Amino acid sequence: MNAPSSTSPRRPLPSARRRPGSLRRSAAPPALLAALLLAAAGCDAGRDAGDEAPPPTSWGRGGDGAAAEARPRVPEEERYGGTVVVAGPGDLLTMNPLIVADRPSLEHQIHLLHITLVAEGPGAEPLPRLAESWSFDARGDRVTFRLRDDVRWHDGHPVTARDVAFTWERAIDPAVPFANPAYFDAWEAAEVLDEHTIRFTVRPRAHLLYGWMRTAILPEHILGDVPPEELERHPFGTTEPVGAGPFRFLRRVPGDRWVFEANPDFPEALGGRPYVDRYVYRQIPDGAVAEAELKRGRVHLLLDVTPDAAARLAADTAVAVAGFAAPEYAFIAWNTRRPPLTDPAVRRALTLAIDREGIREVVRGPYGRVLAGPVGRWHPAFDSTLAPLPFAPDSARTLLAAAGWTDSDGDGIRDRDGRSFQFDLLHTPRDDWAQVAAIAQANLRDVGVEVSTRVREQAALVPLVTGPDRRFDAFLVGWVRDVMLDDRDMFACDRPTSPFQFTGWCRPELDALLDSLQLVVGPDVQARLVARYGRMVAEAQPYTFLYDVESVLARRRELRGVRPDARAAILGAAEWWLEPRARGDRAESRR
Amino acid sequence: MAGAPRPRGPRGVPALIRYLLRRALQAVPLLLGIATLIFIVLHLAPGDPTALWFDPSIPPEVLERMRASMGLDRPLHVQYLSWLRAFLTGDFGYSFSQYRPVRDVLADALPNTLLLGGASLVVTFVAGGALGAFQAVRQYRRSDAVLTLAMLFLYSMPGFWLGLMLVLLVASGAVPGLDLPVSGMTSVDHDLLGPLGKVADVAAHLVLPTIALGLASAAGVARYARGEMLEVIRQDYVRTARAKGLPERVVILRHALRNALLPLISLLGLYLPVLFGGAVVIEVVFSWPGMGRLMYDGILARDYPLVMAASFLFGVLVLAGSLLADLLYAVADPRIRHV
C-alpha cells in the first residue's frame, strides 16, 4: 500500500514559515497599519488583547507537559506528509458558511476548507487574511479592503472582490437562513472598485469586523446563479464544496468521514501548503470506541473529550490531553414570572445554597471554572473582578427565612402561606446534567427547598421554555456564546416574547446598556459596560451561573503543532505535522 | 419433477406469480398505514427540528424562516397530504438535518445496512444452525449444558453491550493477532487500495459489527435448531440410515441436519425486524454509516422526512424478507404450494 505521504508532490519549503498564531513578517505592516487605522476610527482593531486574551493553551494538563515538547526537534523540511485523522462525536453538517451549522462544521469551514476576509486574532482583533489591508475613511463610515491577488479557489479561479460582495449580499438576503445576521447588520452597501478592492459603507458597531472573521467567502462563479432560497439545498455544502483555504475537499462519506487534502497553491504568505498531505475528519459517535481508536493510533486527535475520558486517556503515555477555553457556560435559568422565584432575594438564596464549586469539580474536573456572570473567560472583555457568590447555605437559610419561607410544619420543607417551597428542575438527558441536578437537588434539600428533577429530550424541552406560556420553573442548560455579545434577546424588557427571554427578568436600564454594548467600539469602554452588565445580572440572579467550560482535546503525541484556543479546536490545522514514524502505516486504520 | 404440470390459475397465470402479486397488493395498505402512523407519532412528539438550534445568536426570524422552508408552518393535515403526494411520486423530500435530498441520504446508507444485515443473517443462521445441531447430537452432555448456558447469556445481552465488549477486547490487545477495526466501514486509505484490498478492507471492518449484531440472534436460532434436530434424529428414516450402516457423520449431516434446518427458514421473516432494530444500536457503537444511525440521529433531530422514509424502507425490507422466507420455504418443502 502506498502511504499518502509518498505520493504527494513536494514543493520547496517556505523560507520563513509563520509561527502558529502569528502572521509572517511580510504581512505584519498592513496588519499594523490596519490596526492603527481602525483604532483611529474608533474600531476594535489594534486593541492590545494580551491581558484579556484567552490564556495560551497548555498541553501540560493530564500528564502531558514538558515531556512532549522536549522531544528532538524535527527539521522543517521533514515535517511534510502523512494523513492526520481527527474524530468527533458528530458529523460535519455542511461546508456552506451561510447555512446554520454546529461549531465543528463552522471551524472546519473557517480554518480548513475556506478562507475568511480577515482572521481572528487571539483577542478577537482582526488580522489580515484574504484582505491584506483595510482602511477606514476619516468619518469611519466607509471601509476599503485590499485583497490578496494570489488566492485561488480550489478549481483554479481567482478569489476576487466580487466573491466578497456576493458573500455579503447573500448573508443579508432574507431568503437565506444565515444564522448570524447581526454580523452584518451595520454593513449597508458594497462597491467593488476593482478585482481586488472592495469598499463597504458601514455604521458604527462593536466588533464590526467580527462577522468577516467567522464567515467564509463564497465563490460567486459557482453559486452566483443559485437563487438565494435554494442556497441551503445546493450540493455545495455537502457533496461539492469548493473553497480557497489551506485544504481542498477530496471526498465525503456521509455519516462517516470528510477527507481533505493539502492545497499546494495556498499562498506562502498565509502559511503555504499545510504540512500534512491529508486531513480526515471521522464521526465516531460512541465515546468509548473513539477512545479505543485514539489509543490504538488510528485516530490522532479526538475532539470534545469528556472530563472522565480525559482522566482515563491521560494515563496513556502515548496520548496527551489538554483543555482550552471555550465560549460556553452552564447555568440554571429561573422563571422569575413564577412565585417564589419572582423574589431576587430568593433566587440569590438558591444560588448561595448550590455548591457550584463542588458541581464543577464533579462534572468538569479541571476543565472548567465557576462563573459569576454572563460573560466568561473566553471573552476579551471578561471581568475578572466579578467574583461568584460563595457557597453559603447558612446565608441562604437566612435569606429564605427573611423572605418568609420557614419550615412551620416541621417536615423539612420550607413553606409560606400554606404553600411548600418546591419546584421542578428540567434538563436534557445528559450524564453531566444529571450529576448537576442531583447535587443541586441535595444542596437545596439541605436548606429546605424541595426540587423534583425532570428529564426531557431537547426537542421536547425547548418548546416548554421558549413557548409563550413558559411552562417551567427552572431548567438547566449550557450554551455557546459569541464575542459580539448581543444578549438583548435574553434580558431586554422590550423583547418579552423573544424565545430566549425565558426568565422574564429585565431592567430598563439594562436595555440601554445592552443597546450601547452593540455600538461602543472602544475596548476599554466595552470592558466597562460588560462589567456593569455582569454585575447587574449577578445582582438579580435570573440565572444561577454554574461554570464556564474548557473544551478538552486528546491527541497522539506524534501529532505535533496542535494549539487550540477559544477561537477553534482545530486552529492552525495547516501547521500540524506528524512525526515521521507516524506517517503512512500508523496513520492508517487498516492493518 | 420433470414433466409435471405447474399449477396455474384460471387465466393461465402461474400460481407463484399470483401469490406474489397478492402479497404485494396486501403490502400496499400495510405500508401506507405504517407511514401514516409514523407521521402521526413523530408529529405528536413535542418540538420541531429547529429546537436543535438552541442558541440566542440565531434570531427567531431565522428559525421561522427555517420552519417555513421545511414546510412546518402549515397545518398538520396539509403537511401530511403534501408529504403523501410527494411520497407516492417517489419524492422522499429533503432532510433537514443532513441538508440533502432524503433519496440521496438513503441511497448512501441503505447498501451499508443491507451489507451488515446480510452478513449478520449469515452468522445468525450458519452459527445458530451449527451450534443447535451440535447441541442436539450431544444432548445432556456437558458440552450441551455449557453451550446452552452460553447461548442463554448471549441471547439475554443487549447488542450495544456485546458490541462495546468486543471493542474493548480487540482494542486492549488481549487477544494477540486479533487486530480488527472497531469503527467505520473503511480505512482512511481505502481509496488508495486495489479492488481486492478494498474488499478485504470492508470485510475486516464488517467482522465485529456482524458478530455483535448476529450473535444474539444466532443464540435464538440455536435453540430452535436444537429442538428441530432432536425431533428429526428420532425419526424412522434416520434410524433406517443408521441401520443401513452409514457412518454417524453421514447420518447426521446428510439425512438429519438437512431436514432439521429447513423449518428454520421460516425464522428469517421473524429475525429481519430484530436485525434492523438491532442495527440502530450496533451502527452507532461501531460508527457504521447505515440506516440505523440515520434513524437514530433523525429521530433526535426531528428530521421528519428522513425518519419517515427510512421507517418506510425498513417496513418494505421486513415485508420483502418475510415474503422471501415464505418463498424459500416453499422451494425447500415441496409439500407447500401457494394458491
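## Talking through a predicted complex

Biologist: What pLDDT does chain B average?
Modeller: This is a predicted model in which local features need pLDDT of at least 70, side-chain atom pairs count only at pLDDT 80 or more, and totals for chains, interfaces and linings use all residues. Residues are numbered from 1 along each chain as its sequence is written, while chains are lettered from A and ligands numbered from 1 in the order in which they are written. pLDDT is the predictor's confidence in each residue, from 0 to 100. In chain B, 94% of the residues score at least 70, and the average is 84.

Biologist: Where in chain B is confidence lowest?
Modeller: Helices (H or I, at least four residues) and strands (E, at least two) are DSSP runs, numbered from the N terminus. Confidence in chain B is highest in strand S2 (residues 100-101), at 92. The lowest mean, 81, belongs to helix H10 (residues 265-285) of chain B.

Biologist: Is B:Leu275 buried or exposed?
Modeller: B:Leu275 sits in helix H10 of chain B. A residue is buried if 20 or more other C-beta atoms, placed from the backbone, lie within 10 Å of its own, exposed if 12 or fewer, and partly exposed in between. Because B:Leu275 has 25 C-beta neighbours inside 10 Å, this residue counts as buried.

Biologist: Which residues is B:Leu275 in contact with, leaving aside neighbours within four places in sequence?
Modeller: Contact needs C-beta atoms, placed from the backbone, within 7 Å. On that basis, the partners of B:Leu275 are B:Gly117, B:Ser120, B:Leu121, B:Leu213 and B:Ser217.

Biologist: Why do the buried residues of H17(A) line one face of the helix?
Modeller: Buried residues of H17(A), including A:Leu529, A:Tyr533 and A:Val537, pack against helix H16 (508-519) of chain A. On the other side, A:Asp524 and A:Glu539 are exposed. The arc is taken from the directions from the helix axis to the C-beta atoms. Seen down the axis of H17(A), the buried residues line one face because they fall within an arc of 165°.

Note on methods
Contact = placed C-beta atoms within 7 Å.
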